[in-house]
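Here are my notes on this model, written for someone new to reading structures. Have it open next to you while you go through them.

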Amino acid sequence: RERDGGTQGSDIGYGIAADPGGSIYLSGNELTPASGYDWRVTRFSTGTGATMSSTAYNGAASSSDVGGVVARDASGNVYVAGGEFGAGLGYFWRINKYDPTLSTILASTSYDGPNANEADQPLAIAIDPATGNVAVAGKEKTMADWRVRVYDAGLTTLVGSTSYDGPASNQDQADGVAFDPAGRIVVAGGYSPSAGDLDGMA
């Protein structure tokens, strides 16, 4: 299924999730003439390919935001995590919770790493089916470290947070996250043992 944002430029999908009822949720970037890149989240029918609902997100600075990853909880609510640009902040994490039809933002939270004007970006999201907790993993700061944060289902409480800096303190980032059956969090990503070299680990 193809989606064209309507402005000549690169529209890119980054995340995908499915529900048991036959819907596919796709999240990514859409180029707009007024604010550069905005998030775009679209729900498609797997049977017909038709667009069932769609929404955009433009951060408060109305600048280019990095649409990201998507997950669905047991109630059908949709979580999207991506990068938002803020004046004096650089890129920081933004996590939005939508109702199943994408018509309402039910909750929202953000995370800005310890250094101002750096490129913080969430790159993976997962939901614990037992508790509804939301794990988000990605990178913080330009010479990045892994960052993993766990929120409650309402995005109001930070349940836990941790970081990982590889042994060489070069550019590292977490690219995947999941809950195992016991509720433990598994993270996969890359670390750089030397300049220009990126290895995978979990």
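1. First, some ground rules. This is a predicted model, where local features need pLDDT of at least 70 and side-chain atom pairs count only at pLDDT 80 or more, while totals for chains, interfaces and linings use all residues. Residues are numbered from 1 along each chain as its sequence is written, and side-chain values use heavy atoms, with hydrogens and water left out.

2. What is the protein chain built from, helices or strands? It has 16 strands and zero helices. Both are DSSP runs numbered from the N terminus: helices are H or I with at least four residues, strands are E with at least two.

3. The protein chain exposes about 9,200 Å², and 51% of that comes from carbon and sulfur atoms. Those areas come from the Shrake-Rupley method with a 1.4 Å probe, and for residues only the protein chains shown count as cover.

4. Take a look at the open sheet of four strands, with the order 10-11-12-13 and antiparallel pairing. Its edge strands are strand 10 (121–127) and strand 13 (158–164), each pairing on one side only. Two strands pair if DSSP finds at least two bridges between them; strand 12 (residues 145–151) and strand 13 have six, in the antiparallel sense. There, Tyr151 stands opposite Leu158 in strand 13.

5. How many aromatic pairs are there? The count comes to four, using rings of Phe, Tyr and Trp (its six-membered ring) with centres within 6.5 Å; planes under 30 degrees apart are stacked, over 60 edge-to-face, and the rest tilted. One of them is Trp39 with Tyr57, a tilted pair at 4.9 Å centre to centre and 55° between the planes. This pair links distant parts of the chain, since Trp39 sits in strand 3 (residues 36–45) and Tyr57 in strand 4 (residues 51–57), 18 residues apart. Trp39 is buried, at 1% relative accessible area, and Tyr57 also counts as buried, at 14%.

6. Another pair to find is Phe85 with Tyr91, which is edge-to-face: 5.2 Å centre to centre, with 65° between the planes.

Technical notes
Buried means under 20% relative accessible area, exposed over 50%, partly exposed in between (1.4 Å probe, protein chains only).
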